[in-house]
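Work through the exercises below with the structure in view. Each task is followed by a stepwise solution.

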Amino acid sequence: MRKKLVAGNWKMNKNVVETRELLSALASGLDSVGGAERALCPPFTSLFVAAEALTGTGIGLGAQNMHWEEKGAFTGEISPSMVKEFCAYVILGHSERRMYFGETDETVNKKLLAAQKADLTPVVCVGETLAQYEAGETRQVVVEQIRAGLQGVAPEFAPRIVVAYEPIWAIGTGKASSAENAQAVHGEMIRPTLSELFGEEAAQAIRILYGGSVNAANAADFFAQPDIDGALVGGASLKADEFIAIAKAAAE
Ligand code: PGA
């Protein structure tokens, strides 16, 4: 049985003061939902205070991105070991990084191999645009992102990988995918590709999250699907009550 993971992607929201406020609103409600793994991914500038605040809770911390190199002349970047000082998770290849900051399957792959080396649990994002969805190209796009982004991983590390299927047309739009569509992508496209790459046993262990307008009202529908192993939550993760409700739905 794959333990469900609910991860909050705060994106570029919350300064340090606001981070403390949101964490204190989340803490007790989220801490008690042990049936699901929970992680929060605030901006880099909040990781230090968030790590302090979450010590001793069952809630994990993640970064939203990192560079693949360990150190050096990379102005504005954060290295895997810097992330590892505070975090157990790192989001890689989010569609906003691909769209606005030039990330490609190749850079995602470099970062994934760096996460493996740094002993971080990577949450690798894939997903098609609206035009690709409407043209019926979802399978082609997602399979290629997985094959190219996840190549070269050690067999022991493969089961640690978390994949997040986030159709771009569903992110921040309030128009979530149907649970049936997400299940079809997870179960018929992503998991078979993982099996091709890493073998059936590892593919069965890898968590595949759905992301894109997940909220307290629709979360349970997603979690009822056999190949939906949790959620990557953007907007709703900034509202304590919503996010706690989503985590509860995952724990049931
Ligand atoms: P959303 O974002 O929940 O606001 O749609 C999800 C994400 O981008 O990870």
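**Exercise 1: a surface patch**

M99, Y100 and F101 make a nonpolar surface patch of about 390 Å². The model is predicted, with local features needing pLDDT of at least 70 and side-chain atom pairs 80 or more, while totals for chains, interfaces and linings use all residues. Residues are numbered from 1 along each chain as its sequence is written, and side-chain values use heavy atoms, without hydrogens and water.

Task: state where F101 is found and whether F101 is buried or exposed.

Solution.
- Step 1. F101 is found in the loop between α4 and α5 (105–118); helices are DSSP runs of H or I with at least four residues, numbered from the N terminus.
- Step 2. F101 counts as exposed because its relative accessibility is 53%; exposed means over 50% and buried under 20%, with partly exposed in between (1.4 Å probe, protein chains only).

**Exercise 2: the largest pocket**

Task: describe the lining of the largest pocket.

Solution.
- Step 1. The lining has 14 residues, and K11, M12, Q64, R97 and F101 lie nearest the pocket centre. A pocket is an open set of points on a 1 Å grid over the protein atoms alone where a 1.4 Å probe fits, with protein on both sides within 12 Å along at least five of seven lines; lining residues have an atom within 4 Å of a point.
- Step 2. Helix α4 (residues 95–100) gives the most to this lining, with three residues.

Note on methods
Helix = DSSP H or I, 4+ residues; strand = E, 2+ residues; numbered from the N terminus. Patch = residues over 30% accessible without salt bridge, like charges linked within 9 Å, V, L, I, M, F, W, Y side chains within 5 Å. Areas by Shrake-Rupley, 256 points an atom, 1.4 Å probe, with all protein chains shown as cover. Salt bridge = Lys/Arg side-chain N within 4 Å of Asp/Glu carboxyl O.
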